Amino acid sequence: QHIYRNLAPGGRAAVVLPDNVLGGNNVGADIRRDLMDKCNLHTILRLPTGIFYAQGVKTNVLFFTRGKKDTGNTKEVWVYDMRANMPQFGKRTPFTREYFRTKPDAPASVPRDKFEDVFGNDPCGGPAALAQRVDTGEAGRWRKFTREQIKARNDNLDISWIKDDNAEAADARRDEPALVARMVMRELSGAMADLRSLLEELGEDPDASLEDLLADDTTADEAQP
């Protein structure tokens with residue numbers, strides 16, 4: 001809210017927000033309405049899971065431009081789904097530029113349907129640029145929703161339409177005991193690494209035996225008069 005209210009007319013911004021901010025009622029819905037009134041919220045990019053926040057957190061990038069008036073600036077919102085049926089990104093599969101745009105030297109037969117390809121050249125999402133965009137329908141990743149359609153959703157901007165087979169498979173496995181155990185092990189391994197670093201910073205040997213340290217303390221106490 002502070003971001004868009006402090007934009008000058010014509011100023012633009014891109015803000016990363018988790019899914020739970022795009023939905024819900026009460027204050028959240030009021031802020032979304034205010035945003036769409038005061039700004040032209042022209043594009044939402046649904047990012048793969050775990051890109052900006054912790055693994056498992058779903059995020060989006062909202063692109064908007066401050067209007068010259070305070071009402072009725074958003075006429076339509078374009079949503080690009082880069083999340084459904086995408087790879088699990090990480091060290092083995094880096095989230096690189098190639099997922100955002102088609103290579104310039106790609107053959108003409110390769111579809112130009114990635115985010116940068118369809119976004120257009122106008123970062124402000126002006127009327128002329130929006131008129132060049134093409135809705136790819138329910139089978140595609142790029143769709144247009146009018147302000148009226150969004151209003152009918154109680155201004156919920158958490159919009160998805162593609163069946164995500166990867167998400168369904170992950171949800172089915174989430175409660176498996178072996179998977180839960182591995183997730184706990186990963187968290188504990190990270191905590192152990194942090195503790196080792198702390199001990200090294202304190203000048204202590206992280207591999208020293210706890211029993212030896214306790215024995216040294218006992219000996220020191222007994223030696224005191």
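Reader: Hi! Which residue lies over the face of Trp161?

Author: Hello! That residue is Arg143, placed 5.8 Å from the ring centre of Trp161. Keep in mind as we go that this is a predicted model.

Reader: Good to know. And what ring does Trp161 pair with?

Author: Trp161 pairs with Phe145. Their ring centres are 6.0 Å apart and the planes meet at 50 degrees, so the pair is tilted.

Reader: Where do Phe145 and Trp161 sit along the chain?

Author: Phe145 belongs to strand β5, residues 142–146, while Trp161 is in the loop between α6 (147–152) and α7 (165–173). The two parts are 16 residues apart in sequence, so the pair ties them together.

Reader: Is Phe145 buried or exposed? And what about Trp161, buried or exposed?

Author: Phe145 counts as buried, with 12% relative accessibility. Trp161 is buried as well, at 18%. Both values fall below the cut-off, because buried means under 20% relative accessible area.

Reader: How many aromatic pairs turn up in the whole structure?

Author: A search finds 12 of them. One is Phe115 with Phe119, a tilted pair at 5.5 Å centre to centre and 55 degrees between the planes.

Reader: Where are Phe115 and Phe119?

Author: Both are in helix α4, which covers residues 115–119. They are four residues apart, about one turn of the helix. Phe115 and Phe119 are also both buried.

Reader: Which residues do ring pairs link into a cluster?

Author: The cluster holds Phe63, Trp78, Tyr80, Phe115, Phe119 and Trp142.

Reader: Let's switch to the loop between α6 and α7. What is the phi of Asn154?

Author: Asn154 has a positive phi of about 60 degrees, although it is not a glycine. You'll find Asn154 in that loop between α6 and α7. Asp155 is in the loop between α6 and α7 too, and its phi is near 60 degrees, again positive in a residue other than glycine.

Reader: How accessible is Asn154, and how accessible is Asp155?

Author: Asn154 is partly exposed, with a relative accessible area of 33%. Asp155 counts as buried, at 3% relative accessibility.

Reader: New topic: where does Lys58 lie?

Author: Lys58 is in the loop between β2 (39–46) and β3 (59–66). Its relative accessibility is 36%, which counts as partly exposed.

Reader: What does Lys58 touch?

Author: Leaving out residues up to four places away in sequence, Lys58 touches Leu17, Pro18, Asp19, Thr49 and Arg83. Take Leu17: Lys58 and Leu17 are 41 residues apart in sequence, and 8.6 Å separates them in space, C-alpha to C-alpha.

Reader: Last one, helix α3. What span should its 12 residues have?

Author: At 1.5 Å a residue, α3 (residues 27–38) should span 16 Å. The C-alpha atoms at its ends are 16 Å apart, which agrees. The expected span uses one less than the number of residues, because that is how it is defined.

Reader: Which residues of α3 are buried, and what do the buried residues pack against?

Author: Ala29, Arg32, Asp34, Leu35, Met36 and Lys38 are buried in α3. The buried residues of the helix pack against α1 (2–5), α2 (19–22), β2, β3 and α6.

Note on methods. Residues are numbered from 1 along each chain as its sequence is written. This is a predicted model: local features need pLDDT of at least 70, side-chain atom pairs count only at pLDDT 80 or more; totals for chains, interfaces and linings use all residues. Side-chain values use heavy atoms; hydrogens and water are left out. Rings of Phe, Tyr and Trp (its six-membered ring) pair if their centres lie within 6.5 Å; planes under 30 degrees apart count as stacked, over 60 as edge-to-face and the rest as tilted. Buried means under 20% relative accessible area, exposed over 50%, partly exposed in between (1.4 Å probe, protein chains only). A charge sits over a ring if NZ of Lys or CZ of Arg is within 6 Å of the ring centre and within 35 degrees of the ring normal. Contact means heavy atoms within 4.5 Å.
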